[in-house]
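User: I am new to reading protein models and would like to learn how to go through one feature by feature. Could you guide me, giving the general idea each time and then the case at hand?

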Amino acid sequence: MRRCRKNSIYLSSEESFLAKISKLQMLFLILLLFEGLLCHGQSTTALQTLGSHHAAAEELPSFHLLHIASFANHSWVNTQASGWLDDLQILSWDNVVGTFKYLKPWSQGNFSKEELKNLQSLFQLYFHGFIRVVQAFSSQFQFEYPFELQISGGCRLHAGQASESFLNGAYQGSDFLSFQGSSWEPSPGAGSQAQKVCRVLNLYEDIKEIVQTLLHDICPQFLGGLLEAGKSDLERQVKPEVWLSSGPSPGPGRLLLVCHVSGFYPKPVWVMWMRGQQEQRGTQRGDTLPNADGTWYLGVTLNVATKEAAGLACRVKHSSLGSHDIIIHWGERTGTQLGMLEDSPRDFE
Ligand SMILES: *[C@@H]1O[C@H](CO)[C@@H](O)[C@H](O)[C@H]1NC(C)=O
Ligand SMILES: *[C@@H]1O[C@H](CO)[C@@H](O)[C@H](O)[C@H]1NC(C)=O
């Protein structure tokens with residue numbers, strides 16, 4: 001019956017940062033308390049989705065918040081939220097207390113205590129509101145229990161230029177919608193269900209304004225501050241340890257050679273099985289996996305005929321090593337092949 005009126009608390013670009021956050025918070029509260037309830041019977045309420053994925057295909061630094069909500073049934077939901085600088089988790093959301101936990105000494109970037117407190121309140125409202133709204137609209141949006149929503153949103157800095165922001169939502173593990181420019185758009189292939197959800201979300205100018213401010217304004221400032229505050233940690237160089245082993249036998253008369261590279265930082269690394277100067281084209285690279293201490297692990301394999309294994313070596317290039325590549329030869333030590341560091345660059349130095 002009632003039309004969902006648009007609030008008109010507009011944010012001017014001259015406003016102080018803190019004033020902006022406070023206003024966002026106020027605006028969001030108003031939306032939740034009034035619009036959400038008043039317009040209930042109609043078609044709308046606001047999901048203020050925040051977050052996005054967009055795996056870092058590029059190497060430009062990015063920050064994103066990840067929010068995962070699993071709705072088991074109408075009365076039970078589990079949510080998790082975390083903040084990431086590229087692959088590094090720096091924030092987690094404590095559902096019980098309703099606060100961010102700062103996982104690094106520099107996780108707060110250059111934001112003041114007050115700014116962070118206000119942002120935290122904004123997210124408290126968002127997380128509460130999100131659950132309420134999704135539960136209220138699950139049947140209208142044809143979300144079928146049990147279901148999972150994943151929202152990932154953030155920004156990426158472009159070398160000295162404007163930043164780029166993103167916000168993506170997934171339903172049941174598939175891309176569902178995203179925020180593009182200033183409106184919600186269904187993901188290609190997400191069908192009429194996503195179109196419908198976007199149509200509803202797009203009615204909410206205020207929510208879109210909040211999302212825009214968070215993505216285009218607050219996020220890049222936070223990211224810039226993080227990169228400065230975390231500089232020495234982020235730019236540290238840690239040398240890898242390298243050892244060889246054989247993996248599960250790929251078949252009679254064949255060996256799976258495994259080159260383990262572990263404990264290095266930063267993430268980019270070059271690892272190749274070699275015969276002399278010749279790169280072995282059958283080299284298979286696994287995923288680069290995180291160690292608990294923030295360094296990385298990579299396993300690189302080569303499937304060879306047993307009699308051809310002699311003379312092969314694993315070569316590792318990494319920024320921490322300068323030009324002193326690590327080269328470890330297969331079969332230099334019989335037995336398990338573990339702990340072979342005889343040819344580490346220390347020997348060349
Ligand atoms: C909802 O799901 C939770 C978790 O799976 C379960 O423990 C609970 O009994 C369910 N409640 C109802 C009303 O089905
Ligand atoms: C934090 O640092 C970024 C990048 O240097 C800057 O753009 C921003 O204004 C700073 N923000 C605050 C709140 O000081």
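User: Which residues surround ligand 2?

Analyst: The general idea is to look for residues that have a heavy atom within 4 Å of the molecule. In this model, which is predicted, ligand 2 is surrounded by Asn110, Glu115, Gln221, Gly224, Gly225 and Glu228. Helix α4, which spans residues 205-229, gives the most to this shell, with 4 residues.

User: Which side chains have an N or O atom listed with a distance to an oxygen atom of ligand 2?

Analyst: One is Asn110, where an N or O atom of the side chain is 2.2 Å from an oxygen atom of ligand 2. Another is Glu228, whose side chain has an N or O atom 2.9 Å from an oxygen atom of the ligand. As for cover, ligand 2 on its own has 360 Å² of accessible area, and the protein covers 58% of that.

User: How should I read a helix, and which residues of α3 are buried?

Analyst: An α-helix has 3.6 residues a turn, so residues three or four places apart point the same way. In helix α3, made of residues 191-201, the buried residues are Gln193, Ala194, Val197, Cys198, Val200 and Leu201. They cover an arc of only 160° around the axis, and therefore they lie on the same side of α3. Ser192 and Arg199, on the other side of α3, are exposed.

User: Now a strand, please: is β15 mostly covered or uncovered?

Analyst: For a regular strand, the general idea is that side chains alternate between the two faces of the sheet. Burial is then a separate matter, to be looked up residue by residue. Strand β15, residues 296-305, is mostly covered, since 9 of its 10 residues are buried.

User: Which strands are joined to β15 by bridges?

Analyst: Among them is β10 (residues 254-264), which runs antiparallel to β15 and is joined to it by 10 bridges; here His260 has Gly299 of β15 as its bridge partner. Strand β13 (residues 284-285) is also antiparallel to β15, with 2 bridges, and Arg285 is partnered there with Val300. Strand β14 (residues 289-290) is likewise joined to β15 by 2 bridges in the antiparallel sense, with Leu289 standing opposite Tyr297. Between β14 and β15 the hairpin has 5 residues, and in this hairpin Gly294 takes a positive phi near 90°.

User: Finally, which groups does the side chain of Ser165 contact?

Analyst: Here one looks for pairs of N or O atoms within 3.5 Å. Ser165 belongs to strand β6, residues 161-171. A polar atom of the Ser165 side chain lies 2.7 Å from the backbone oxygen of Leu215, and the side chain of Ser165 also makes a polar contact with the side chain of His216, at 3.5 Å.

How values were computed: Residues numbered from 1 in each chain as written. Chains lettered and ligands numbered in written order. Predicted model: local features only at pLDDT ≥ 70, side-chain atom pairs only at ≥ 80, totals over all residues. Heavy atoms only, no water. Polar contact = N/O pair within 3.5 Å; in protein donor to acceptor, adjacent residues only side chain to side chain. Areas by Shrake-Rupley, 256 points an atom, 1.4 Å probe, with all protein chains shown as cover. Buried < 20%, exposed > 50% of the residue type's maximum accessible area, 1.4 Å probe, protein only. Pairing = 2+ DSSP bridges. Arc of directions from axis to C-beta.
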